[in-house]
Amino acid sequence: MKLRDFQSLVSRTEIWGAVLALTGVGVLAATAIVPEAPKANPHAADPWVLPVGEPALPEGEPAAPIRRHCALCHSYDYIATQPRLSRTGWAASVEKMRAKYGAPISTNDVPALVNYLVKNHGKE
Ligand code: HEC
């Protein structure tokens with residue numbers, strides 16, 4: 001084999017090697033980039049069932065103190081589903097919210113809150 005033939009053989013091998021290598025990279029890149037086709041949603045035909053809502057805080061002025069001072073941290077439902085308490089019990093509960101949990105309730109607002117709670121969730 002002449003030197004030139006050998007050189008041309010080598011260069012052809014390199015070209016094919018490079019082509020194969022690039023193709024391989026291309027295929028790898030293509031499989032890495034192309035995202036999997038989204039699967040059909042098996043629940044697509046299911047009707048939406050929304051959860052049953054919690055009892056809303058009654059509209060209007062009587063519940064306004066509760067809306068203003070208690071719904072800040074937890075739902076009205078959370079309060080309404082607690083065991084019924086006596087006046088002393090609710091007074092202690094409101095005081096606990098103020099003293100322990102830092103509820104921003106002034107002492108002037110406490111009687112209205114306790115009255116509402118006793119009237120609607122009391123056991124007197
Ligand atoms: C600053 C936040 C905050 C405010 C405002 C607040 N609470 Fe609470 N309340 C809490 C936390 C915290 C708990 C305890 C929750 C737990 O134990 O998971 C709680 C629990 C309760 C409980 C359950 C019984 C108990 O003592 O743990 C009742 C009833 C209650 N609150 C009533 C009220 C009422 C009525 C008001 C309005 C006067 C009020 N809360 C305002 C934070 C607050």
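Are α4 and α5 parallel, perpendicular or oblique to each other? Keep in mind that this is a predicted model. The axes of these two helices cross at roughly 130° and come within 9 Å of each other. An angle over 145 would count as roughly antiparallel, 65 to 115 as roughly perpendicular, and the rest between these as oblique. So α4 and α5 are oblique to each other. As for handedness, their crossing is right-handed.

| Helix | Residues in the contact |
|---|---|
| α4 (87-99) | Arg87, Trp90, Ala91 and Val94 |
| α5 (110-121) | Val110, Leu113, Val114, Leu117 and Val118 |

Sorted by class, the contact has eight nonpolar residues, one charged residue and no polar ones.

Arg87 sits in helix α4 and takes part in the meeting with α5. Is Arg87 buried or partly exposed? With 14 other C-beta atoms within 10 Å, Arg87 is partly exposed, because a residue needs 20 or more to count as buried and 12 or fewer to count as exposed. Arg87 and Leu117 are 30 residues apart in sequence, and their C-alpha atoms are 8.2 Å apart in space.

**Around the ligand**

Now for the ligand. There are 17 residues around it, and those that come nearest are Cys70, Cys73, Met97, Tyr101 and Ala103. Which helix gives the most to this shell? That would be α4, with four residues. Both α4 and α5 supply at least two residues each. By class, the shell around the ligand splits into 11 nonpolar residues, five polar and one charged.

**Stepping back to the whole chain**

How much of the chain counts as buried? Of its 124 residues, 7% do. Finally, look at contacts between residues at least 6 apart in sequence: 60% of them join residues at least 24 apart.

Definitions and conventions
Residues are numbered from 1 along each chain as its sequence is written. This is a predicted model: local features need pLDDT of at least 70, side-chain atom pairs count only at pLDDT 80 or more; totals for chains, interfaces and linings use all residues. A residue is near a molecule or strand if its C-beta atom, placed from the backbone, lies within 6 Å of it. Ala, Val, Leu, Ile, Met, Phe, Trp, Tyr, Cys and Pro count as nonpolar, Asp, Glu, Lys and Arg as charged, and the others, Gly among them, as polar. Axes are lines fitted to C-alpha atoms, for helices over the stretch in contact, and angles run from 0 to 180 degrees between N-to-C directions. Angles under 35 degrees count as roughly parallel, over 145 as roughly antiparallel, 65 to 115 as roughly perpendicular and the rest as oblique. A crossing is left-handed if the near helix is turned anticlockwise from the far one by less than a right angle, and right-handed if clockwise. Two residues are in contact if their C-beta atoms, placed from the backbone, lie within 7 Å.
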